[in-house]
Amino acid sequence: MSRKSRMAAVQSPIIPVIGKLVQETPEAISLGQGVVFYPPPPEIYPAIERAISDPAIHRYQEVQGLIPLRRLLWRKLQRENQLPLQGIHQVVVTAGSNMGFMNAILAITEPGDDILLLTPYYFNHEMAVRMAGCHPRLVATDENYQPSLAAIVAALTPKTRAIVTISPNNPTGMVYAPQTLQAINQLCQERGLYHISDEAYEYFIYGDRPHCSPGCFDESYRHTISLFSLSKSYGFAGWRIGYMAIPAALQSAMQKIQDTLLICPTVLAQCAALAALQVGRSYPQSHLPALRRVRQTVLAQLATLGDGCQLGQPDGAFYVLARIPETVWPGQQPHQVMALVKTLIRQYGVAVIPGFAFGQTSGCTLRIAYGALAPDTVSQGIDRLVTGLRSLSASPPSYPRD
């Protein structure tokens with residue numbers, strides 16, 4: 001009973017921690033969790049009513065997902081992402097993209113293997129790697145949070161099994177250049193590695209750089225695992241539906257994992273997803289102008305802080321990763337950054353996520369999520385954050401403690 005579980009090495013999920021602090025602070029506005037402000041398309045509701053009247057809704061269904069849904073996803077992946085999939089056997093419907101990532105890690109690794117994560121990483125990826133008994137090897141990105149191929153090559157070990165990329169990126173909002181993703185994919189092919197490509201934010205692009213699915217490159221379908229989600233694009237977070245495009249050689253392993261963890265994705269949620277996907281990408285794209293206006297407001301307001309808030313130029317997703325210098329908050333260690341987060345919630349009524357949850361263990365960084373804010377509500381939330389940071393800059397604490 002005294003032995004430590006493998007879970008002892010896994011970080012606590014930061015979103016529930018911040019959520020509890022928000023609940024304890026009346027009227028606090030959360031810029032923490034990454035969700036969108038709009039609901040699913042209305043077409044899902046009649047589809048749900050039809051599904052409920054079908055007795056099959058109460059039975060187990062196909063392990064990899066409903067055939068009509070996988071067929072539609074297969075066509076989408078070919079048409080929009082240019083993935084040369086041979087059939088629907090390479091499509092797996094999951095309970096969200098997080099499950100897809102866990103599936104991938106379990107399918108390709110043995111305990112003790114290394115997985116390369118670019119920092120700042122998505123915290124659930126790092127957690128999943130540790131849960132599987134593997135080692136996350138962290139590779140720093142450059143000052144603009146873009147991958148460095150030289151740094152990736154230097155981090156490879158004989159136990160490396162995969163390189164993970166996220167574009168558009170969570171938590172930075174950066175979009176990786178197609179040539180960068182192609183170079184990483186080519187490296188994986190040369191070294192016999194898998195490329196796990198998280199593309200949950202594929203529709204959230206604001207700049208000129210297009211989204212690129214690295215599985216589209218020549219022969220890359222043999223070693224690329226592509227992850228997608230309806231949670232963000234279709235306002236489907238609570239329905240827990242994501243999907244994967246996998247190399248054909250992994251199908252048997254995926255079936256074993258999926259059948260053990262899930263048996264099958266929730267059938268009613270799949271019926272709703274089918275209806276949403278029949279509406280198509282025009283639905284999330286119809287909300288992109290509103291998110292673009294929100295993004296512009298957020299960046300403009302944060303820019304008024306000058307050197308007190310250092311920003312990149314995020315052109316995707318709905319996140320900003322802000323660097324807060326010592327002149328604003330002298331405490332740059334993780335526990336001191338958490339003290340800043342608590343101060344912003346309790347004194348200024350606004351919640352953000354500390355950068356250390358994403359592997360930023362040196363310096364003070366904050367992830368600001370603006371997807372949940374509509375254009376008519378963004379000002380209040382970002383005003384509170386700017387007011388808090390400006391006030392702290394005018395009178396910074398000598399040594400912040402919890």
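A: The lining of the second largest pocket draws at least two residues from each of two helices, α2 (44–52) and α9 (267–279), where helices (H or I, at least four residues) and strands (E, at least two) are DSSP runs numbered from the N terminus. Of these, α9 gives the most, with five residues. The model is a predicted one, in which local features need pLDDT of at least 70 and side-chain atom pairs count only at pLDDT 80 or more, while totals for chains, interfaces and linings use all residues. Residues are numbered from 1 along each chain as its sequence is written, and side-chain values use heavy atoms, with hydrogens and water left out.

The second largest pocket has a volume of about 240 Å³. It is lined by 13 residues, and the closest to its centre are Ala47, Arg50, Ala51, Cys271 and Leu274. By class, its lining holds eight nonpolar, two polar and three charged residues; here Ala, Val, Leu, Ile, Met, Phe, Trp, Tyr, Cys and Pro count as nonpolar, Asp, Glu, Lys and Arg as charged, and the others, Gly among them, as polar.

The search for such spaces runs on a 1 Å grid over the protein atoms alone: a pocket is an open set of points with protein on both sides within 12 Å along at least five of seven lines, a cavity is a set where a 1.4 Å probe fits but cannot get out, and lining residues have an atom within 4 Å of a point. Grid points are joined across faces, edges and corners, and a volume is the space filled by probe spheres set on the points.

The largest pocket holds about 440 Å³ of space. Among its 24 lining residues, Gly34, Asn98, Tyr122, Asn124 and Lys232 are the closest to its centre. Three helices, α1 (14–23), α4 (97–108) and α5 (123–131), each supply at least two residues of this lining, and the largest share, three residues, comes from α5. The lining of the largest pocket divides into eleven nonpolar, nine polar and four charged residues.

The strands β3 (114–119) and β5 (160–166) each supply at least two of its lining residues, with β5 giving the most, three residues. About 60 Å³ of space lies in the second largest cavity, whose lining residues include Leu83, Gln90, Tyr221 and Pro247.

As for the setting, the chain has 13 helices and twelve strands, and 57% of its 402 residues count as buried, meaning under 20% relative accessible area with a 1.4 Å probe and protein chains only, as against exposed at over 50% and partly exposed in between. The C-alpha trace spans about 60 × 55 × 50 Å along its principal axes. An unreviewed UniProt entry carries the annotation "domain: Aminotransferase class I/classII large" over residues 28–385; UniProt positions are given in the numbering used here, feature names are shortened, and annotations may be inferred rather than shown by experiment. Over residues 28–385 the chain is 37% helix and 16% strand.
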